[in-house]
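Here is a short briefing on side-chain packing. Look through the model first, then read the points below.

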Amino acid sequence: MSLAAQALAVARLQTGQGTPDERARLAAWDRLHGLLSTLDSKTSVLLRFNAIVVAALAYVLIVSGADPFQGGNVLVGTIGKTVGHLSLIATIVSCGFAFPVINVESGYVGELDDATLERKAALVARRTGYYAWAWRLAVAGGAGFAVLVGLASLHLK
């Protein structure tokens with residue numbers, strides 16, 4: 001079925017033509033597609049947050065070469081470096097879980113049947129799971145960065 005034919009078939013369903021079951025499938029398809037769009041938007045914001053955390057942590061821990069805990073308590077310095085590196089790893093892994101959530105999704109090809117809806121629902125469930133892990137790891141990375149900043153601040157006083 002061509003893209004034009006699919007668009008016409010969808011338009012006919014949206015204007016009330018077709019069986020109630022066909023219209024219900026179209027509504028379900030639209031709802032699932034809306035959920036994917038919401039996940040895509042949330043993941044874009046999460047990736048921006050991760051980019052800021054990764055840049056800050058990479059600069060503090062790797063690029064600058066400055067030790068914010070230099071000359072202080074060895075235990076605080078060790079805890080700070082450990083928390084910082086674990087936060088960096090968590091944030092990078094968060095990005096790894098987020099990338100599969102953002103994906104160009106084509107429309108359905110052919111008939112919109114129950115099997116097509118099941119595949120779309122499975123895609124939504126899979127991407128929701130990826131997003132949940134990306135969010136958890138981003139929170140852990142961001143919290144670790146906050147702890148690192150707090151330790152460095154307390155150390156400077």
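Which residue lies over the face of Trp 29? Lys 120 does, at 4.4 Å from the ring centre. This is a predicted model: local features need pLDDT of at least 70, side-chain atom pairs count only at pLDDT 80 or more, and totals for chains, interfaces and linings use all residues. Residues are numbered from 1 along each chain as its sequence is written, and side-chain values use heavy atoms, with hydrogens and water left out.

**Charges over rings**

- A charge sits over a ring if NZ of Lys or CZ of Arg is within 6 Å of the ring centre and within 35 degrees of the ring normal.
- Arg 136 places its charged end over the ring of Trp 133, 4.8 Å from the centre.

**Aromatic pairs**

- The structure has two aromatic pairs. Rings of Phe, Tyr and Trp (its six-membered ring) pair if their centres lie within 6.5 Å; planes under 30 degrees apart count as stacked, over 60 as edge-to-face and the rest as tilted.
- One of the pairs is Phe 97 with Tyr 130, which is tilted: 6.4 Å centre to centre, with 50° between the planes.
- This pair links distant parts of the chain, 33 residues apart: Phe 97 is in helix 3 (residues 74-98) and Tyr 130 in helix 4 (residues 114-156). Helices (H or I, at least four residues) are DSSP runs, numbered from the N terminus.
- Phe 97 is partly exposed, because its relative accessibility is 27%. Tyr 130 is also partly exposed, at 30%. Buried means under 20% relative accessible area, exposed over 50%, and partly exposed in between (1.4 Å probe, protein chains only).
- Phe 97, Tyr 130 and Trp 133 belong to one aromatic cluster.

**Nonpolar cores**

- The largest nonpolar core has 10 residues in all, including Val 10, Leu 26, Trp 29, Leu 112 and Val 124. Such a core is a set of buried Ala, Val, Leu, Ile, Met, Phe, Trp, Tyr and Cys residues joined through side-chain atoms within 4.5 Å.
- Helix 1 (3-14), helix 2 (20-63) and helix 4 each supply at least two residues of this core. Helix 2 gives the largest share, four residues.
- Another core, of nine residues, lies apart from it; among them are Leu 39, Cys 95, Ala 98 and Ala 134.
- Leaving aside neighbours within four places in sequence, Val 124 is in contact (heavy atoms within 4.5 Å) with Leu 32, Leu 35, Leu 36 and Leu 39.

**Glu 118**

- Glu 118 is in helix 4. It counts as exposed because its relative accessibility is 58%.
- Glu 118 and Trp 29 are 89 residues apart along the chain, with 9.8 Å between their C-alpha atoms.
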